Amino acid sequence: MSNRLTYALYTGCTARESTPELLKSTLAVAKKLDIELVLLDEASCCGASHLQDFDDFLSLVLNARNICYAERLDLPMVTICNTCQLNTAMTKERLDSDPKLRARVNEALEEVGLVYKGTVSVRHFLYALIEDYGLERLRSKVVKPLSQFNIAAFYGCHNIRPSQLHNKMNKGEESPYRPTTLDDLIEALEGNSVDYDHKNRCCGFHVDLQAPTTSNILTGNAIIDAYDNSADFMVTPCPLCHLNLDVKQEAALKTINREARLPVLHLPQMIGLALGCSPEELGLNHNVVPVDLV
Amino acid sequence: MKVTLKVFRFNGERDYLPHYDTIEMEIDEKKDVVLDVLNRIKWEHDGSFTYRRSCRHGICGSCAIKVNGRSTLACKERMEDMVALFGTELVLEPVSKKRAIKDMVVDKSDFWERYERVKPWLEAEIDEHPTMENIIPPEEAEKLEESDYCIQCGCCYYACPVIEVNENYLGPAAFEKAFRFTADVRDHAKRERLEIVDRLGEGVWDCVKCFECAEACPKHIDPIGKITKLHNEIFKEGVARSNVATRHAVGFKHSIKKHGILDEGHLVAYSEGFGVLKHLPEAFEMWKKGKIVMPWEMPKSKKLDEIKKLVEIASTVRF
């Protein structure tokens, strides 16, 4: 079993609260693929870019602490939320490239007996799957091909922008203007990936509270673009995008004056369907827009 | 190499709707930049084709267009890179189709109007008969970072999704410039500028954090990085007023201190105050789907005492 892929999983907060189906389906898919995920239960919230607006240094210390626990396990860290990925990767990048800043952060971490070393990688599970497990191997595990579905990939900003940061963290090169990984993954599961303009656009989640109209328009435009291009469902690697596309779908479409209904799957929910996981294992009952595909 | 260009054509004085011309062109992808292609369209295909250009050295900011939807400074962007990114079928459009006047030329008055609102100039007592230069030391100049390099090309502004939907939003270029002057030790209007960019509906709190501006900037200025710094300064300088956006930022700290992970329900309630009531129908839908964690079931991070201690000792800002 020496070649078994093992990762430290930073779940983020959403997967433990408003999108329990994300954690559930991630674990189900990992089990099917014989990937071991060690949950980082010590980890705190990444700050979601909002703590960063308030107290940059505190956010660096907290994110560095999260990485410390993956370093203790000596395991590469994977994330299942684009915004967790952004903030964790950004912390790593800043500490790895600025010895003075790292010393300041470590001074605080020493108070709780930790030290940030910069020894582990930080990648979104999507990229770990593609780079380490491989799409060909994944294709060989498909028992229920998604060939009857037109699937609209929604990448989510914080996995593709800023591209310099992400291309440093990942082995491949994803263009923020023409991302392909999620579409390649859909094709590997034998689904038909939908070509539409909004796949790499913003859903507006981060201004949900202070600017709901902005957020609703951006989300509504993305859903309707996928819908108008004959998508049967959307899929996203980000639970924050998912909250907007799924939970807020009705409000978003109302804002842009359109009627539609489009199921939205989390990335591991879609993979799980192709691997033959049951709807229960994938938590499909938690999706607000009913997933009536199976 | 041969490329196929789909070129946006529109004459606001005459046309009801734009159309696209398809042009096949032989390019020298090693040598040509996008501006060379624009020139050749005009010189070799249609003399009426209209676009802005001047310096050809990436400094005047005139020649911004969109190539396959991507903001591009035409004189700086190599055709080789465009072909690598989008293939040999390239769509050339103005930075904003809805503001097009003629072909690639847009009415940029919206950009300038918003730009001006942040007072993009030095506010200082100037000695009208100086006997020496008003020099700032290198360590002070470093605080401006690369923000002085902005050429007002509009690439970031017309790539911003909020600009498309909120006509009051100041946008990344104006914020970038606001940062440039608030970071200048000679400037006296720091607080005034921070108050302008702090306004809900117009200012930095309406940024969706998509990083489109950072990707679009041909001068690698990282406008969103400056937006984050303005957020930080708003708190540090005591300009922040208690509202849904500021409480949302601060609420993360409270939640992390209490649970390690975020208490989503409490964060919304804390941020919104009485406004939380408007979220109740949506919360009910979520509850029905098992998406709401009750306060008494709220999970906590392991080793929470460590997190509490770090929040105590590593906090650098108060609100």
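Guide: Start with Arg123(A), Glu131(A), Asp132(A) and Lys171(A), which are linked in a network of salt bridges. A salt bridge here is a side-chain nitrogen of Lys or Arg within 4 Å of a carboxyl oxygen of Asp or Glu. The model is predicted, so local features need pLDDT of at least 70 and side-chain atom pairs count only at pLDDT 80 or more, while totals for chains, interfaces and linings use all residues; side-chain values use heavy atoms, without hydrogens and water. Residues are numbered from 1 along each chain as its sequence is written, with chains lettered from A and ligands numbered from 1 in the order in which they are written.

Stay in chain A for helix 6, residues 125-133. Helices (H or I, at least four residues) and strands (E, at least two) are DSSP runs, numbered from the N terminus. Seven of the nine residues of helix 6 are buried, so this helix is largely enclosed by the rest of the structure. Buried means under 20% relative accessible area, exposed over 50%, and partly exposed in between (1.4 Å probe, protein chains only). The buried residues are Phe125(A), Leu126(A), Tyr127(A), Ala128(A), Leu129(A), Ile130(A) and Tyr133(A). Gly134(A) follows helix 6, with a positive phi near 95°.

Now the wider count. Over all chains, the structure holds 55 salt bridges. Side chains of opposite charge can pair when their charged atoms come close.

In one, Arg56(B) pairs with Asp36(B), and the closest N and O atoms are 2.4 Å apart. Arg56(B) sits in the loop between helix 1 (34-45) and strand 3 (64-67) of chain B, and Asp36(B) in helix 1, so the pair ties together parts 20 residues apart in sequence. Arg56(B) is partly exposed at 40% relative accessible area. Asp36(B) is buried at 14%.

Next, Lys119(B) forms a salt bridge with Glu192(B), at 3.2 Å between the closest N and O atoms. This pair links distant parts of the chain, 73 residues apart: Lys119(B) is in the loop between helix 3 (109-116) and helix 4 (138-141) of chain B, and Glu192(B) is in helix 7 (residues 190-197). Glu192(B) is partly exposed, at 38% relative accessibility.

Then take Glu145(B) and Lys229(B), whose side chains meet in a salt bridge of 2.6 Å, N to O. Here too distant parts are linked, 84 residues apart: Glu145(B) lies in the loop between helix 4 and helix 5 (161-165) of chain B, Lys229(B) in helix 9 (residues 223-236). Glu145(B) is partly exposed at 35% relative accessibility. Lys229(B) is partly exposed at 34%.

Last, cross from one chain to the other. Between chain A and chain B the count is seven salt bridges. Glu212(B) pairs with Arg161(A), the closest N and O atoms being 3.3 Å apart. In contact terms (heavy atoms within 4.5 Å), 67 residues of chain A meet 62 residues of chain B. The buried area is about 5600 Å², with 64% given by carbon and sulfur atoms. Buried area is the accessible area (1.4 Å probe) that two parts lose on being put together, summed over both. On the chain A side, Phe54(A), Tyr177(A) and Leu209(A) lose the most area to chain B, together 16% of what that side buries.
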